[in-house]
Structure formats: C-alpha cells, structure tokens
Amino acid sequence: MLTVHHLRISQSERIVWLCEELGLDYDLKLYNRDPDTRLAPPELKALHPMEVAPLIEDGDTLLGESGAIVDYIIGKYAPDTDLVPGPDNPDFADHLYWYHFANATFMTNGMMQIAVGALGGDMPPPLAKRVTNAWKQIETRLGEADYFGGSQLTTADIMMVFQLTTSRAFNGMTIDHLPNLKAYLQRIGGREAYQTAMAKAEPGFPPKLD
C-alpha cells in the first residue's frame with residue numbers, strides 16, 4: 001500500500017490532494033510540528049536525510065520531493081490521467097511551465113522572504129520585484145484560463161495551490177486586489193477531492209481560500 005507521510009501545515013498537502021483526485025487507496029500518516037522548533041518531529045526526521053515532508057513509501061521505495069512524488073504516483077498509478085496533458089494537447093506547454101514554476105520560482109520566492117524576514121531585513125529591490133512579478137503573472141494567467149495548466153485541473157494546480165492558500169495563511173497577505181485568483185480558489189475549494197484531502201490532511205484548519 002502507498003503510504004503518504006504528511007507534516008501538518010506544509011506543502012505535503014499536495015500529495016494527499018493528488019491521491020484524492022486520482023481516487024487512490026493510500027495510508028496517510030500525519031505528523032504535528034515540534035512545538036518548540038516548528039519543524040518536523042523526530043519520528044518524521046528519522047525517515048529521510050532531508051528531515052522534511054512530503055515523503056511516500058511504496059514497497060521498498062522511499063521518495064521525497066513534491067514534484068518527484070507527483071511524477072512517481074502519476075507514472076505508476078495513473079499514467080493515462082487527464083491531470084497531465086500530453087504533447088498533442090494544446091495545454092501541454094502551459095501545464096509544464098506552471099508545474100515547474102511552482103517550486104522553481106514561486107516556492108523559492110517564498111523561502112527567500114522567510115529567510116530575509118528571519119534575519120530582520122527587507123527584501124532587496126531585485127528580489128522584491130521577482131516576488132511582485134510572480135503574483136502579477138499568476139493573476140494574468142488566471143484571467144486567461146480557468147486553471148494554471150489550461151482548461152481543466154492538472155498537476156500544475158496541485159503544485160501551485162499550497163503557496164496560494166496554506167502558506168499565505170501565515171504571512172497575512174491579502175488577495176483582495178487579485179480577483180482572478182480569488183475566483184480560482186473558489187473553484188478549487190469546490191472540488192470534492194480537495195475538500196476531502198484538506199479535511200484529512202489539516203483537520204481543524206480550514207483552507208485559506210479568500
């Protein structure tokens with residue numbers, strides 16, 4: 001059986017959501033953050049050298065990294081899913097762009113902001129502009145298409161949504177000036193698989209959809 005190790009209030013919610021969208025049979029193991037460090041607890045750290053989530057176990061396979069896990073699960077359990085447009089699909093390139101943008105650019109921006117803030121500093125102008133540009137591009141994209149990957153939900157959305165919801169719940173950012181994003185998050189929040197995933201992954205923590 002596929003086992004998903006999920007650290008509460010972290011990007012590993014993506015993997016729970018993916019499993020629900022695919023209707024997979026899986027075992028979910030939840031971990032609460034250490035109350036002092038706010039990092040993973042010892043029992044999760046012991047599983048992998050990086051000491052973070054997400055992690056999956058599948059037989060003798062232990063795999064980390066969100067993108068790698070998504071690709072693994074799709075490749076092994078759902079190779080024909082509509083969540084990944086093929087090369088003949090008009091959404092193919094857009095899906096690839098946003099799928100990789102999620103961690104290569106957007107998550108990196110967020111980590112830079114956390115690091116700078118922890119040091120008591122302000123974002124240098126070039127880095128601040130990088131953050132602003134990302135949010136502008138997100139709003140523009142969601143005015144062009146219903147989903148990041150195109151006309152329907154794809155794994156690009158599954159990779160993007162954590163930074164737009166759960167992560168944002170802790171930095172106080174408002175999206176009142178981003179109507180396309182607000183409408184998009186309502187579409188995501190209306191999905192049964194997303195509702196089920198968040199109820200399992202984050203009991204007592206309503207998704208930040210506005």
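Which helix is Tyr99 found in? Tyr99 sits in helix α4, residues 92-118; helices here are DSSP runs of H or I with at least four residues, strands are runs of E with at least two, and both are numbered from the N terminus. Keep in mind that this is a predicted model, where local features need pLDDT of at least 70, side-chain atom pairs count only at pLDDT 80 or more, and totals for chains, interfaces and linings use all residues. Residues are numbered from 1 along each chain as its sequence is written, and side-chain values use heavy atoms, with hydrogens and water left out.

**Around Tyr99**

- Tyr99 counts as buried, at 6% relative accessibility (buried is under 20% relative accessible area, exposed is over 50%, partly exposed is in between, with a 1.4 Å probe and protein chains only).
- Leaving aside residues up to four places away in sequence, Tyr99 touches Gly67, Val70, Asp71, Thr155, Ala156 and Met159 (a contact means heavy atoms within 4.5 Å).
- Tyr99 and Thr154 are 55 residues apart in sequence, yet their C-alpha atoms are 8.6 Å apart in space.

**The sheet**

- Four strands make an open sheet in the order β2-β1-β3-β4, with mixed pairing (two strands pair if DSSP finds at least two bridges between them).
- At the edges you'll find β2 (26-31) and β4 (61-64), each pairing on one side only.
- From one strand to the next, the twist averages 20 degrees (axes are lines fitted to C-alpha atoms, for helices over the stretch in contact, and angles run from 0 to 180 degrees between N-to-C directions).
- Strand β1 (residues 2-7) runs parallel to β2, and six bridges join the two.
- Leu2 has Tyr26 in β2 as its bridge partner.
- Helix α8 (residues 192-201) packs on the sheet and touches β1 and β2, its direction making about 45 degrees with that of β2.

**The aromatic rings**

- There are nine aromatic pairs in the structure (rings of Phe, Tyr and Trp, the last by its six-membered ring, pair if their centres lie within 6.5 Å; planes under 30 degrees apart are stacked, over 60 edge-to-face, and the rest tilted).
- Phe101 and Phe106 count as stacked because their ring centres are 6.0 Å apart and their planes are at 25 degrees.
- Phe101 is buried, with a relative accessible area of 5%, and Phe106 is buried too, at 3%.
- One aromatic cluster takes in Tyr97, Trp98, Phe101, Phe106, Trp135, Tyr147, Phe148 and Tyr184.
- Arg187 lies over the face of Tyr147, 5.8 Å from the ring centre (a charge sits over a ring if NZ of Lys or CZ of Arg is within 6 Å of the ring centre and within 35 degrees of the ring normal).
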